[in-house]
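These are my notebook entries on a structure that I looked through element by element.

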Amino acid sequence: DAPFETLIVETRGGVGLITLNRPKALNALNATMIRELGEALAAFEANEAVGAVVITGSDKAFAAGADIREMADKSFSDVYLADLGGGWRRVVECRKPRIAAVSGYALGGGAELAQMCDIVFASETAKFGQPEITLGIIPGFGGTQRLTRAVGKAKAMDLVLTGRMMDAQEAEKSGLVSRIVPAEKLLDEALEAAAKIASFSRAAVLAAKEAVDVAAEVGLSEGARFERRAFQALFATEDQTEGMAAFVEKRKPEFRNR
Ligand code: CO8
């Protein structure tokens, strides 16, 4: 694995694990970290052995936002020409499922990174918020869009306009968090879920993720049509034959990603 300045990147079986690693700055997302996240995810995307990715931080902070020190003196033309926030596209574009394992602060860009992941596991200590308004800005990478789709307008407006934090319970109840997990089990449970996903037919996993993602973009009948075509297409895979044969024969399937 290539050495990264701001991340620890490793593989655990079929799972890619990215640990945000700027502990002194509570994992504030600087330009290097955003670039490296894109690179690490692209490498996992290209690595056939990897079926799912876990992104985590430290006990105290998943990530306390974009790096305020790095942004403080920038002008409009600086951030426009550098396409500040645009580097995140590479994070979103990853086709393999990503699980965010969140402990401690997930604020601003850190909350948005969690929102970009497909599944969010939170420890009881997790705190989510969009405090950008307190800095004279607004969320810059999906916090007004993905958050609103996840939790609805009422909760999103409350969070984005007041900048307050919500705890894991509230985040789970409102639909941002998939599961709350005891802090000491957070990473293990995320790795276990990722390993399970990685064990399934890769084509089925990618199609399932793609179809769920389409729901955020299109109307119901168009989305259902997309789903049906993707569903039907999977009957062209050997994994479908194997998965159903294994059920009928009462044995474990052996998916070969064909
Ligand atoms: N940027 C830079 N440094 C940070 C950040 C940050 N976002 N958050 C914490 N740090 C640093 C602190 O400056 C401090 O450094 P030092 O020890 O050198 O003074 C260190 O981390 C520890 O932080 P604290 O001493 O503040 O720790 P506390 O436990 O007292 O407080 C908090 C923890 C509440 C999380 C507090 O640090 C805080 O409020 N942080 C800022 C949170 C914030 O406002 N985040 C939003 C940032 S804006 C944003 O994310 C815009 C997203 C747009 C995306 C565009 C793409 C790039």
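Which residues does Ile18 touch, not counting residues up to four places away in sequence? I note first that the model is predicted. I then listed the contacts of Ile18: Leu7, Ile8, Leu37, Ala40, Leu41, Phe44, Val53, Val54, Ile55 and Thr56.

I next looked up the nonpolar cores. The largest has 42 residues, and Ile18 and Phe128 are those with the most contacts inside it. Helix H1 (residues 31-46) supplies six residues, the largest share of this core. Another core, of 15 residues, lies apart from the largest one; I found Val15, Phe121, Leu186 and Ala190 among its members.

I then traced the sheet. It is open, with mixed pairing, and its six strands follow the order S1-S2-S3-S5-S7-S10. At its edges I found strand S1 (7-12) and strand S10 (179-181); each has a single partner strand, so one side of each is left without a neighbour in the sheet. From one strand to the next, the twist averages 20°.

Strand S2 (residues 15-20) and strand S3 (residues 52-56) run parallel and are joined by five bridges. Val15 has Ala52 as its bridge partner in S3.

Last, I recorded two helices against the sheet. Helix H5 (residues 109-116) lies across S2, S3, strand S5 (98-102) and strand S7 (119-123), and runs at about 140° to S5. Helix H9 (residues 186-199) packs on the sheet and touches S1, S2, S3, S5, S7 and S10. I noted that the direction of H9 makes about 165° with that of S3.

How values were computed: Residues numbered from 1 in each chain as written. Predicted model: local features only at pLDDT ≥ 70, side-chain atom pairs only at ≥ 80, totals over all residues. Heavy atoms only, no water. Pairing = 2+ DSSP bridges. Helix = DSSP H or I, 4+ residues; strand = E, 2+ residues; numbered from the N terminus. Axes fitted to C-alpha atoms, helices over the stretch in contact; angles between N-to-C directions. Contact = heavy atoms within 4.5 Å. Core = buried A, V, L, I, M, F, W, Y, C linked by side-chain atoms within 4.5 Å. Buried < 20%, exposed > 50% of the residue type's maximum accessible area, 1.4 Å probe, protein only.
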